[in-house]
Amino acid sequence: YKVLLGAFWRNHNPTDAGGQFDNRGPEFRPVIWVANDAEQDLAITSKNMMEGSGVYGPISDKGYLKGGKNSRRQIIPFVTEVRNAGTFTTMPEDGQDFVKLRPNDYKERLGHALHVIL
């Protein structure tokens with residue numbers, strides 16, 4: 001589960017309540033789904049660590065984080081929720097393999113990692 005959390009933090013924006021990348025709407029909001037108390041403890045701990053790290057902050061005009069180790073950068077609050085997983089439901093067929101079907105929508109954001117997905 002720790003490995004999964006690491007991948008989660010590297011691949012989403014925890015400050016965007018409206019969705020992720022080009023995927024907009026409440027079904028794409030940032031949520032960490034947990035199946036038990038141990039996962040919930042790990043999820044909350046990792047969220048608190050990431051939020052307090054200052055990794056996420058205002059973005060410059062060129063797409064880089066403003067500030068740096070010698071400046072006081074404003075930390076943007078996380079909107080990522082930690083919720084009980086409940087019953088799993090499969091995404092409709094038109095939502096499966098979305099990155100493979102529409103790679104140009106993700107090329108800029110995924111960059112060099114796109115070839116691994118495709």
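Residues are numbered from 1 along each chain as its sequence is written, and side-chain values use heavy atoms, with hydrogens and water left out. Local features need pLDDT of at least 70 and side-chain atom pairs count only at pLDDT 80 or more, whereas totals for chains, interfaces and linings use all residues.

The protein chain contains 5 helices and 4 strands, taken as DSSP runs (helices H or I, at least four residues; strands E, at least two) numbered from the N terminus, and the elements follow the order α-β-β-β-α-β-α-α-α from that terminus. Of the 118 residues, 21% are buried, that is, under 20% relative accessible area with a 1.4 Å probe, protein chains only.

The average pLDDT, the predictor's confidence in each residue from 0 to 100, is 76 for the protein chain, with 69% of the residues scoring at least 70. Over residues 110-118 pLDDT stays under 50. Where pLDDT is low, the predicted coordinates should not be read in detail.

Helix α1 (residues 2-10) and helix α2 (residues 37-53) have axes that come within 11 Å and cross at roughly 35°, the axes being lines fitted to C-alpha atoms over the stretch in contact and the angles running from 0 to 180 degrees between N-to-C directions. Their contact (heavy atoms within 4.5 Å) is made by K2, L5 and W9 of α1 together with L42, A43, S46, K47 and M50 of α2. F8, also placed in helix α1, is in contact with V31, I32 and T80 when neighbours within four places in sequence are left aside; F8 and I32, 24 residues apart in sequence, are separated by 8.2 Å from C-alpha to C-alpha.

Notes: Buried < 20%, exposed > 50% of the residue type's maximum accessible area, 1.4 Å probe, protein only.
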